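We will go stop by stop.

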Amino acid sequence: KNIEIKNNENLPKLKIEKSNINFKNVSFQYDNTAEKAVRDVNITISGGSMSAFVGHSGAGKSTIINLLPRFYDPQNGEILIDNQNIKNISLNSLRKNISLVSQDVILFDESIKNNIAYADTNATQQEIEEACKFAAAHEFIKKLPDGYETIIGENGVKLSGGQKQRISIARAVLKKSPIILLDEATSSLDTESEETVQNAINNLTKNKTTLVIAHRLSTIHNSDKIFVIKDGCIINSGNHEFLINNCDEYKSL
């Protein structure tokens, strides 16, 4: 059975030094499936580096990323951040140090400003605008009928895919967390927004420990380490050059 995850305030807070990440023999299985989603995953990620996860759809990339903020707990193995087992630290302090940027942006029927300040409720208007400039969102927000006070409708119906993603990036910028999880789905973006979003992401991830489910070749090339995943296992890892020469699965992808 999947373990229910609760916040225990008595647990110590996560102490970030370098934001190194280790997965040790991690296996995870969803309740409704017979097969393990990920099996015996061993990963070492250095603080401040970018790691890309590549593999066919259903290979287990999202599962690995979702285990870090403890959306699920693995049935076997352990996950460490700076040598602290994430199960033994308070959930709030864990999630405070992680930002998630994905294609599924959760937006509230509220002002743009409040949607971004959700990442830091004490942020000033100036800090919010700075974050939006960094995320290439300030320009389009200024052009909206009420600027930052524009109500964006249930789940952002009034915004395009690229605009939603930039709001999500602005949130992550405002949150200033040392670890970034990035699900890079490019399907919803036209070429122009794609470049803008890509630049915003480059700004966001500079010197942060970044785990990215990568589809774009440029992201894969720019990653310090690439993990190739097949049927829930990491079958190889290394940089682009190494994998092109040593991994048939990578070559075929």
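Begin with charge pairs: a search of the whole structure finds 4 salt bridges. A salt bridge here is a side-chain nitrogen of Lys or Arg within 4 Å of a carboxyl oxygen of Asp or Glu. Side chains of opposite charge can pair when their charged atoms come close.

A note before you click: this is a predicted model, where local features need pLDDT of at least 70, side-chain atom pairs count only at pLDDT 80 or more, and totals for chains, interfaces and linings use all residues. Residues are numbered from 1 along each chain as its sequence is written, and side-chain values use heavy atoms, with hydrogens and water left out.

**Stop 1: Asp73 and Arg70.** Select both. Their side chains meet in a salt bridge, 2.8 Å from N to O. Asp73 and Arg70 are buried. Buried means under 20% relative accessible area, exposed means over 50%, and partly exposed is in between (1.4 Å probe, protein chains only).

**Stop 2: Glu184 and Arg216.** In this salt bridge, the closest N and O atoms are 2.7 Å apart. Glu184 sits in the loop between strand E7 (179–183) and helix H7 (191–205), and Arg216 in the loop between strand E8 (209–213) and helix H8 (217–222), so the pair ties together parts that are 32 residues apart in sequence. Helices (H or I, at least four residues) and strands (E, at least two) are DSSP runs, numbered from the N terminus. Both Glu184 and Arg216 are buried.

**Stop 3: Glu249 and Lys230.** This salt bridge has its closest N and O atoms 3.6 Å apart. Glu249 is in helix H10 (residues 248–252) and Lys230 in strand E9 (residues 225–230), 19 residues apart. Is each one buried or exposed? Glu249 counts as buried because its relative accessibility is 12%. Lys230 is partly exposed, at 38% relative accessible area.

**Stop 4: a sheet.** Show the strands. Here 4 of them form an open sheet in the order E2-E1-E4-E5, with antiparallel pairing. At the edges are strand E2 (38–45) and strand E5 (84–85), each pairing on one side only. Two strands pair if DSSP finds at least two bridges between them. Strand E1 (residues 21–28) and E2 pair over 5 bridges. Select Asn22: its bridge partner in E2 is Thr44.

**Stop 5: Tyr118.** Find Tyr118 in the loop between helix H3 (112–117) and helix H4 (125–134). Tyr118 is exposed, with a relative accessible area of 54%.
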